[in-house]
Amino acid sequence: MPRPFRFAASLVTPAPAGEWRAKCRRAEELGYDVILVADHLGMPAPFPSLVAAAAATERPRLGTFVLNAGFWNPALLAREVATTDALTGGRLELGLGTGYVQAEHDTAGLPYGSPRERVDHLRHTVKELDRLLGAADRPPGAAQERVPLLLGGNGDRMLRLTAEHADIAAFTAARTVRGSTTGTLEPLSAEEIDERVALYLRLAADRPEPAELNLLVQLVVVTDDPQGAVQPLLPHIPHLTEEQVLELPIVLAGSVEQIREKVRAVRERYGFSYLTVLEPYMEAFGAVIAGLQGE
């Protein structure tokens with residue numbers, strides 16, 4: 001049986017307290033199961049934003065999507081996680097990644113490192129969090145016995161780490177453009193995503209329980225002209241044709257019912273049952289959620 005759907009809205013735009021509470025309540029009204037906050041300079045700070053979201057809502061889970069491990073000392077992060085879990089009533093889900101925007105590290109005066117060094121640091125962070133949050137003397141106040149861990153990434157070593165430790169395996173379905181210091185991404189083809197998911201499943205074959213598979217959707221357009229909706233994308237991804245772009249699981253364009261059918265097909269093909277949409281598409285995808293709840 002396929003895993004039931006979950007849907008998340010990733011809130012990325014800073015807002016005054018009243019506006020922040022209002023958009024969190026709107027996400028709940030639209031049926032989102034999770035409210036997420038990223039970890040980029042210029043965007044809302046993750047943990048206080050999630051505490052505020054918890055105060056404004058009752059049902060959704062609350063998560064980081066994803067923390068840049070290079071910004072965090074593991075011991076201090078463990079304190080943030082335990083306190084935030086307590087203040088959100090045990091609704092926290094912790095998402096971690098290596099970080100991929102060198103310019104942010106430069107601005108913060110923090111080392112960026114090679115891809116190997118960033119994965120090594122993330123592995124160290126995960127192990128330290130397991131120790132600090134799982135010990136008898138862990139920081140006081142955590143409401144959950146174990147805060148669910150989401151790890152995001154596509155590379156071989158990241159997928160191995162995800163298979164070993166994560167409750168939720170998150171796929172961006174994109175790669176950083178070679179040489180970019182600002183985090184410019186280009187999408188993987190549908191076939192490349194097939195290969196990445198297949199590798200993860202092989203690495204995770206011995207898990208006692210399978211992880212939930214998450215996908216970050218990059219575009220949602222409710223339209224009767226899906227071909228026209230993707231035209232602005234094509235000059236930026238010349239390695240993909242219009243047909244290939246429309247096939248991408250991270251692109252949802254069409255009528256509400258066509259998008260629902262594609263979401264079901266994405267779960268069938270890749271196993272992605274947990275879909276995240278970015279804040280600009282929260283309203284559009286809300287109409288899609290209404291026909292998928294409970295599936």
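Asp224 is exposed, at 78% relative accessibility. In this predicted model, Asp224 lies in the loop that connects β11 (219–222) to α8 (226–229). Together with Asp225, Glu242 and Glu243, Asp224 forms a negative surface patch.

The strand β11 runs parallel to β12, and four bridges join the two. Within this pairing, Val222 stands opposite Gly254 of β12. Strand β12 (residues 251–254) is covered on both faces: Val251 and Ala253 are buried on one side, and Leu252 and Gly254 are buried on the other.

The structure holds 22 salt bridges.

| Salt bridge | N to O distance |
|---|---|
| Glu212 and Arg6 | 2.8 Å |
| Arg196 and Asp156 | 2.7 Å |
| Arg269 and Glu247 | 3.0 Å |

The pair of Glu212 and Arg6 links strand β10 (residues 212–217) with strand β1 (residues 6–11), 206 residues apart. Glu212 is buried at 8% relative accessible area, and Arg6 is buried at 17%.

Arg196 in helix α7 (residues 190–203) and Asp156 in helix α6 (residues 156–165) are 40 residues apart. Here Arg196 is buried at 13%, whereas Asp156 is partly exposed at 43%.

Arg269 is partly exposed at 37%, as is Glu247 at 34%.

How values were computed: Residues are numbered from 1 along each chain as its sequence is written. This is a predicted model: local features need pLDDT of at least 70, side-chain atom pairs count only at pLDDT 80 or more; totals for chains, interfaces and linings use all residues. Side-chain values use heavy atoms; hydrogens and water are left out. Patches are made of residues with over 30% relative accessible area and no salt bridge: like charges are joined within 9 Å, nonpolar side chains (Val, Leu, Ile, Met, Phe, Trp, Tyr) within 5 Å. Accessible areas come from the Shrake-Rupley method with a 1.4 Å probe; for residues, only the protein chains shown count as cover. A salt bridge is a side-chain nitrogen of Lys or Arg within 4 Å of a carboxyl oxygen of Asp or Glu. Lys and Arg count as positive and Asp and Glu as negative; His and the chain ends are not counted. The place of a charge is taken as NZ of Lys, CZ of Arg, CG of Asp or CD of Glu. Buried means under 20% relative accessible area, exposed over 50%, partly exposed in between (1.4 Å probe, protein chains only). Two strands pair if DSSP finds at least two bridges between them.
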